[in-house]
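These are my notebook entries from reading through one structure, kept in the order in which I looked things up. The sequence and the coordinates come first, and the entries follow.

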Amino acid sequence: MEKIHTKVDKLGNVVTVQNSVVDAILNRYYSEAKNNDVKMEVEGKFPVDCKIENYDICTIFSNLLRNALEATMKAEEKWISVGCRYTDKVIVVEIANSFDNKAGNGKSKTHKVDKNNHGFGLINVEESIEKYNGVWYREQEDNVYKVTISFIYA
C-alpha cells in the first residue's frame with residue numbers, strides 16, 4: 001500500500017472519490033489504463049471513515065480493477081467505469097468494463113495459462129465483501145461485464 005501511495009504522490013491524483021486508499025488504487029489503474037489506450041471513468045464518493053479495513057479495500061478494488069483492465073485489453077472497445085456512492089446505511093461500488101464475449105463466458109476461474117497460481121482474486125474479493133456482511137452481483141450482457149457491491153451498515 002505504501003508503494004502505491006508513493007507512486008500516486010509522484011503522479012498526483014487524477015481521479016478521486018474522496019478516500020485516500022481508494023484514490024491510490026484508482027489512480028494506479030487509471031494511469032495503467034491511460035498507458036494502454038483504455039478509457040477509464042470514475043465518479044462518485046467513497047466514505048473517508050468507514051468500517052472496511054484498508055487491506056480489504058485494497059483486496060476488493062485491486063483485484064476487480066486488475067481483472068477489468070486485463071479483460072478490456074482484449075476487447076475491441078476499451079473502457080472501464082467505476083462508480084462509488086454511499087449513505088449513512090449503505091456503500092455501493094459499481095465497476096463495469098468492456099470485454100470480448102467471444103474469449104469466454106466471463107465466469108471461468110481464470111483465463112491465465114498458469115491456472116494453478118491464478119484465479120484466487122475473486123475468492124479473496126468475496127471473502128472481503130462477506131467479512132462486512134456485504135453482497136455482490138456479477139452480470140454480463142453482450143460485451144459488458146459489471147460488478148456491483150453493497151455494504152449494508154447495521
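Entry 1: I looked up Asp37 and found it exposed, with a relative accessible area of 65%, where buried means under 20% relative accessible area, exposed over 50% and partly exposed in between, for a 1.4 Å probe and protein chains only. The model is a predicted one, in which local features need pLDDT of at least 70 and side-chain atom pairs count only at pLDDT 80 or more, while totals for chains, interfaces and linings use all residues. Residues are numbered from 1 along each chain as its sequence is written, and side-chain values use heavy atoms, with hydrogens and water left out.

Asp37 lies in the loop between α2 and β1 (39-44), and its phi is positive, about 60°, although it is not a glycine. As a reminder to myself, most residues other than glycine have a negative phi. Gln18 sits in the loop between α1 (2-11) and α2 (20-35) and is partly exposed, with a relative accessible area of 43%.

**Entry 2: the chain as a whole.** I then listed the elements, taking helices (H or I, at least four residues) and strands (E, at least two) as DSSP runs numbered from the N terminus. The chain has four helices and five strands, and from the N terminus on their order is α-α-β-α-β-β-α-β-β. Of the 154 residues of the chain, 40% count as buried. With contact meaning heavy atoms within 4.5 Å, I found that residues 24 or more positions apart account for 62% of the contacts with a separation of 6 or more.

**Entry 3: strand β5 and its partners.** Which strands pair with β5? Two strands pair if DSSP finds at least two bridges between them, and β5 (residues 144-152) is joined to β3 (residues 90-98) over nine bridges in the antiparallel sense. Seven bridges join β5 to β4 (residues 135-141), and these two strands also run antiparallel. Val144 in β5 stands opposite Ser98 and also opposite Glu141. β4 and β5 form a hairpin with two residues between them, and Asp142 in the turn has a positive phi of about 55°.

I also looked up Thr148, which lies in β5 and is buried, with a relative accessible area of 13%. Leaving aside residues up to four places away in sequence, I found that Thr148 touches Val92, Val93, Glu94, Val135, Trp136 and Tyr137.

**Entry 4: helix α4.** Which residues of α4 (residues 121-131) are buried? Gly121, Val125, Ser128 and Ile129 are. Seen down the axis of α4, these buried residues fall within an arc of 100°, so they line one face of the helix; the arc is that of the directions from the helix axis to the C-beta atoms. An α-helix has 3.6 residues a turn, so residues three or four places apart point the same way. What covers the buried residues of α4 includes α3 (54-73), β4 and β5. After α4 comes Asn133, whose phi is positive, near 55°.

Entry 5: On a 1 Å grid over the protein atoms alone, a cavity is a set of points where a 1.4 Å probe fits but cannot get out, and a pocket is an open set with protein on both sides within 12 Å along at least five of seven lines; lining residues have an atom within 4 Å of a point. Grid points are joined across faces, edges and corners, and a volume is the space filled by probe spheres set on the points.

I found one cavity of 30 Å³ or more, and the largest cavity has a volume of about 30 Å³. Its lining consists of Phe46, Ile52, Ile57, Ile60, Phe61 and Phe151, and the largest share, three residues, comes from α3. By class the lining has six nonpolar, no polar and no charged residues, where Ala, Val, Leu, Ile, Met, Phe, Trp, Tyr, Cys and Pro count as nonpolar, Asp, Glu, Lys and Arg as charged, and the others, Gly among them, as polar.

The second largest pocket has a volume of about 160 Å³. Its lining divides into three nonpolar, three polar and five charged residues, and includes Lys74, Trp79, Ser98, Asp100 and Asn143.
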